[in-house]
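Biologist: Hi! Could you walk me through this structure, starting with charged pairs and then moving on to the metal site?

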Amino acid sequence: MSRAFVGAASQFELTVPAPADGTTRARLGRLTLTHGVIETPQFMPVGTNATVKALSPDDLRDAGASIILSNTYHLYLRPGHERIARLGGLHRFMDWDRPILTDSGGFQVVSLGDLRVVDEDGVTFRSHLDGSTHRFTPEVAIAVQETLGSDVAVAFDQPVFPSSSREVVAEATRRTHRWAERSLVAHGRRDQALFGIIQGGLEADLRTESSDFIAGLPFEGLCIGGLAGDETPAQRDATLDLVVDRLAADPRPRYLMGLGSPADLLEAVHRGVDLFDSVLPARVARNGQLWVPGGRLNLRNQRHLDDPAPVQDDCPCLGCRRFSRAYLAHLFRANELLAYRLATCHNLTFTLDFMARIRAAILAGTFPAEMAALRVRAGRLSGGEGAVKSA
Ligand SMILES: [Zn+2]
């Protein structure tokens, strides 16, 4: 039997709930948004500047992307959200007709802003582009996202690194709660869902408090923030277990922000997470690191220069269908732009195919039994490489 959450601008139907025997918390869902339906668990490629670097919208569709994330902070600074609105909104501007989630800008304000002063009302920061001074409040972050016209907006929060002191985490978490309430009051766009962010760092009691507080507000989805940073995998797992425990009976989608290596995605799905985003697959692709079943290829390695085989035999991506490892290795060594496109197509295809395999296993009821094989396919891409956050 399925159950559904019906929000003002979204619906989330759990088509296969987590099994009652506790072998896994992985579940299958269908999230309906203004611009389309996405199957969960799902990964969102990141289009920072209204483009997933090096890819066209057709490339993204071919890779299997059903939803992308775009960054409020970046679009606000350049080219400006009001300009995008005048040009028909974000979907029209970038010619992407499927769902878009915009983040709140909170993470970028804190991590990229040169000068940053946090007070109770908001954050004053200097643009990393030209040094100009700006101010984000919950109301501004919501207004920018409403102007962009994303399918899902996210409440403004104050993220802190997982390793921050308890005092810092406590203050930021409670401010995030007050800003969540203000974000809800400020939000009025009826064709846009609003998600709230759970913070609390690695402090169990603060995570519990934040889970209960944010879940107590009428958001249409629940983000888990403040992870995918400098925590250990064990710390992340423990925190996720704690949060998902509190949300066990909650019908809304759960979105872990900033996680992107296949190995990490698999473990988080197992712990009950539905949505993910990360720049990681695209970023490592641009460095010549191609993800393949069981590990990765470094195309900058000389041994690929004479290899006529594709990067991955059974991969349907543009690069693997038509080109050899030797050709891609040549493009990287010659710093040719096509290298970035082909490598990014491959890593996103691999990641989105991996999520499809996870969904197929959940649907078949064999996910716990297939975990070992999926771990092997994911390779060992956890730890430091998995910690690259959205930027
Ligand atoms: Zn490929």
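Predicted model: local features only at pLDDT ≥ 70, side-chain atom pairs only at ≥ 80, totals over all residues.

Biologist: Which residue forms a salt bridge with Asp-59?
Modeller: That would be Arg-341, and the closest N and O atoms of the two are 2.8 Å apart. Arg-341 sits in helix H14 (residues 337-364) and Asp-59 in helix H1 (residues 57-63), so this pair links parts of the chain that are 282 residues apart.

Biologist: And what about Arg-341, how accessible is that one?
Modeller: Arg-341 has 30% relative accessibility, so Arg-341 counts as partly exposed, whereas Asp-59 is buried.

Biologist: Why can side chains pair like that at all?
Modeller: Side chains of opposite charge can pair when their charged atoms come close.

Biologist: How many salt bridges does the count come to?
Modeller: The count is 29 salt bridges. One of the pairs is Asp-274 with Arg-27, where the closest N and O atoms are 2.7 Å apart.

Biologist: Where do Asp-274 and Arg-27 lie?
Modeller: Both are in loops: Asp-274 between helix H10 (262-270) and strand S15 (275-278), and Arg-27 between strand S2 (11-16) and strand S3 (28-33). The pair therefore ties together parts that are 247 residues apart in sequence.

Biologist: Buried or exposed, those two?
Modeller: Asp-274 is buried, at a relative accessible area of 0%. Arg-27 counts as buried too, at 4% relative accessibility.

Biologist: What does Arg-182 pair with?
Modeller: Arg-182 forms a salt bridge with Glu-139, with 2.8 Å between the closest N and O atoms. Since Arg-182 is in helix H7 (residues 166-186) and Glu-139 in helix H6 (residues 138-148), the pair ties together parts 43 residues apart in sequence. Glu-139 is partly exposed, with a relative accessible area of 33%.

Biologist: Which residues are joined into one network with them?
Modeller: Salt bridges that share partners connect Asp-119, Asp-121, Arg-135, Glu-139 and Arg-182 in one network.

Biologist: Okay, new topic! What coordinates the zinc ion?
Modeller: The zinc ion is coordinated by the SG atoms of Cys-315, Cys-317 and Cys-320 and by ND1 of His-346, at 2.1 to 2.3 Å. Cys-315 and Cys-317 are both buried.

Biologist: What geometry does that site have?
Modeller: The zinc site is tetrahedral, with angles of 101 to 120° among the four donor atoms.

Biologist: And how are the donor residues spaced in sequence?
Modeller: The spacing for the zinc ion is C-x1-C-x2-C-x25-H.

Notes. Residues numbered from 1 in each chain as written. Heavy atoms only, no water. Salt bridge = Lys/Arg side-chain N within 4 Å of Asp/Glu carboxyl O. Helix = DSSP H or I, 4+ residues; strand = E, 2+ residues; numbered from the N terminus. Buried < 20%, exposed > 50% of the residue type's maximum accessible area, 1.4 Å probe, protein only. Donors = N, O, S within 2.8 Å, 3.2 Å for Na, K, Ca; no water. Tetrahedral: all angles 85-135°; square planar, octahedral: opposite > 155°, others 65-115°.
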